[in-house]
Amino acid sequence: MNKKEKIILTDPDEAAKMVVDRFGYEILADHRRFCAAFSDFAPKLSKECKAYLVALSENAGEIYLNAQKDVAEGNTAPDEVNRRAFAIISEFLNTEKAEMVVSGLSFAMGWGKTEPQAKPQMTVNDEPADTSQFTSDDLFRKAEAGDVNAQFNLAERFYYGRGVKHSYPLAVHWFKAAAQAGLSSAQRRLGDCYHNGQGIPKDFSLAVIWYEKAAQQGDYEAQQALIRCYKTGGFNLTQDIARAQQLMTEYGISGDYTNSLALLQKSAEKGCSHSQLKLADTMFYGNNTDCDRTGAFQWYMRAAEQNNPEAQFSLARCYADGEGTEKNSSEAFYWYEKAAENGHAEAMNNLGCCFFNGTGAAVHYKKAAELFLKAANLGSVRAQYNYGECCYQGAGVIKNLSEAAKWYKMAAVHGNAEAQYSLGWCYYFGEGISQDYSSAKHFFKLSAQQRNPNGQIMLGYCCLNGQGTEKNYAKAAEWFEKAANRGSSEAAQMLVKCLATGGFFLARDTDKAKRTAEKYGVKYETL
């Protein structure tokens with residue numbers, strides 16, 4: 001007679017899968033139940049159990065649970081979910097443990113084990129691009145709450161990799177959400193994805209469905225795309241010249257226009273600035289073609305010379321960043337100025353940065369402040385923060401802390417990490433606004449979660465001193481460590497002090513403190 005033996009696994013992936021198989025996927029949303037069950041299946045893996053507990057307490061399990069349907073329907077690739085989870089988990093677990101947790105949860109979902117991956121790095125730029133998916137929590141929340149414009153904005157970011165990791169499947173997910181809500185531009189872009197097979201299998205029959213929805217709302221590019229599909233046919237769509245002719249008559253479109261790259265280039269060569277700009281963007285971002293920054297620069301130039309403000313702004317960025325050409329701050333200034341004169345808000349902001357920093361022009365704080373204010377009133381979030389800085393420092397305007405706090409708040413609620421930190425600072429010290437530790441901690445945390453080292457340091461102090469939250473030296477040490485890893489010497493010193501002294505929820509550990517001091521180059525004896 002065979003006796004059943006108690007299963008004691010030594011593989012964390014297998015243990016995680018067994019928990020999900022036994023209790024269902026919903027257990028991922030309850031970290032205490034998951035870890036209790038996990039420890040039963042793998043009692044010898046105490047460190048792994050703790051890693052899962054920490055990860056799931058930060059809602060990593062919910063990431064997989066929420067993505068289950070989209071992955072099953074082919075709208076999201078498992079690798080994208082794994083990368084997103086890894087980026088979050090690696091903020092509070094070391095790389096090895098983060099990889100282990102991601103692999104285990106992916107395997108538990110039936111997606112297979114993952115390959116080790118490097119912890120994502122964030123670059124710092126004088127004129128940062130749009131924030132990443134982890135620096136755009138507000139945009140995500142709005143999109144998930146059904147805000148159609150936020151959904152489309154998020155889709156565009158994923159499609160072009162602007163401020164987030166490029167992902168066609170995620171772009172399709174958000175285009176579809178906005179398209180189903182009736183946004184014509186999203187319907188057209190979703191049609192493009194079906195037409196090009198970007199993030200979803202090629203299917204012209206589905207492409208024409210979405211193109212037609214947008215076309216009926218008057219979207220000219222969708223009308224052209226719809227005609228093109230019927231004229232050429234392919235991929236589940238039978239060629240129908242009669243239908244194409246009918247649509248050409250209905251929409252008043254004549255000729256043999258298509259959106260193919262060859263004909264787009266032909267239109268650009270004929271001098272159409274809109275086509276020149278679109279071709280430049282296509283080449284710059286490698287949209288359905290090879291990435292060619294030098295070629296993109298040349299087309300931006302031709303469109304900019306025709307007074308196209310968007311092309312002028314893009315050309316200025318090329319000069320400023322050395323993309324497709326040599327860096328040239330004077331030329332960048334010239335084209336920012338041209339775009340600003342044509343009402344381009346972000347160009348105004350960047351022109352203000354040139355005056356403020358003396359890049360391509362002499363330092364002139366008053367002109368910088370004027371440009372920041374003008375751009376801020378036009379909706380530039382970056383300019384709102386920059387004008388707040390002018391008011392706080394008294395640079396180009398009379399120093400006014402309450403005015404600074406007002407503009408910081410305006411940018412902070414739109415997700416600007418620096419503005420969130422600065423607004424938190426105003427609340428913390430009562431500068432221009434009533435002192436409120438709870439609000440300070442709130443905005444420091446928003447900034448810290450976007451990996452802003454200043455926000456992380458101040459959140460650490462809040463946890464250390466019990467300001468706006470309960471005293472918790474362990475959490476303070478965690479935030480100091482995150483900032484130390486981003487190069488802050490102040491954070492490194494505070495981390496060593498926390499470890500050396502111990503306190504609320506953190507045991508004193510002088511050996512670890514000395515090792516940490518050595519790691520970050522802190523002189524332990526002087527603390």
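These are some notes on the predicted model, point by point.

1. Ground rules. Residue numbers start from 1 along each chain as its sequence is written, and side-chain values rest on heavy atoms, with hydrogens and water left out.

2. Overall make-up. The protein has 28 helices and zero strands; both are DSSP runs numbered from the N terminus, helices being H or I with at least four residues and strands E with at least two. Of the 527 residues, 49% are buried (buried is under 20% relative accessible area, exposed is over 50%, partly exposed is in between, with a 1.4 Å probe and protein chains only). The accessible surface is about 25,500 Å², and carbon and sulfur atoms hold 47% of that; the areas come from the Shrake-Rupley method with a 1.4 Å probe, and for residues only the protein chains shown count as cover.

3. Contacts along the chain. Take the contacts in the protein with a separation of 6 or more: 51% of them join residues 24 or more positions apart. Contact here means heavy atoms within 4.5 Å.

4. H12 and H13. Helix H12 (residues 220-232) packs on helix H13 (residues 241-251) at an angle of about 160 degrees, with the axes 7 Å apart. Axes are lines fitted to C-alpha atoms, for helices over the stretch in contact, and angles run from 0 to 180 degrees between N-to-C directions. The pair is therefore roughly antiparallel (under 35 degrees is roughly parallel, over 145 roughly antiparallel, 65 to 115 roughly perpendicular, and the rest oblique). The crossing of H12 past H13 is left-handed, a label for a near helix turned anticlockwise from the far one by less than a right angle, with clockwise being right-handed.

5. H12 brings Gln 223, Leu 226, Ile 227, Tyr 230 and Lys 231, while H13 brings Ile 241, Arg 243, Ala 244, Leu 247, Met 248 and Tyr 251. By class, the contact of H12 with H13 has eight nonpolar, one polar and two charged residues. For the classes, Ala, Val, Leu, Ile, Met, Phe, Trp, Tyr, Cys and Pro count as nonpolar, Asp, Glu, Lys and Arg as charged, and the others, Gly among them, as polar.

6. H9 and H10. The axes of helix H9 (residues 168-180) and helix H10 (residues 184-196) come within 8 Å and cross at roughly 140 degrees. That makes H9 oblique to H10, and the crossing is left-handed. On the H9 side sit Val 172, Phe 175, Lys 176, Ala 178 and Ala 179, meeting Ala 186, Gln 187, Arg 189, Leu 190, Cys 193 and Tyr 194 of H10. The class count for this contact is eight nonpolar, one polar and two charged residues.

7. Asp 203. Asp 203 counts as buried at 14% relative accessibility. Leaving out residues up to four places away in sequence, Asp 203 touches Tyr 194, Phe 235 and Asn 236. Asp 203 and Leu 237 are 34 residues apart along the chain, with their C-alpha atoms separated by 7.8 Å.

8. Gln 276. This residue lies in helix H15 (residues 273-285) and is buried, at a relative accessible area of 2%. Not counting residues up to four places away in sequence, Gln 276 touches Ala 268, Gly 271, Trp 299, Arg 302, Ala 303 and Gln 306.

9. Two backbone angles to check. Most residues other than glycine have a negative phi. Asn 307 has a positive phi, near 70 degrees; Asn 307 is in the loop between helix H16 (293-304) and helix H17 (309-321) and is partly exposed at 44%. Phe 505 also has a positive phi near 70 degrees, and its place is the loop between helix H27 (489-501) and helix H28 (510-520). Phe 505 counts as exposed, at 63% relative accessibility.

10. Ala 29. In the loop between helix H1 (12-23) and helix H2 (31-41), Ala 29 is partly exposed at 42% relative accessibility. Beyond its neighbours within four places in sequence, Ala 29 is in contact with Glu 62 and Leu 65.

Notes:
This is a predicted model: local features need pLDDT of at least 70, side-chain atom pairs count only at pLDDT 80 or more; totals for chains, interfaces and linings use all residues.
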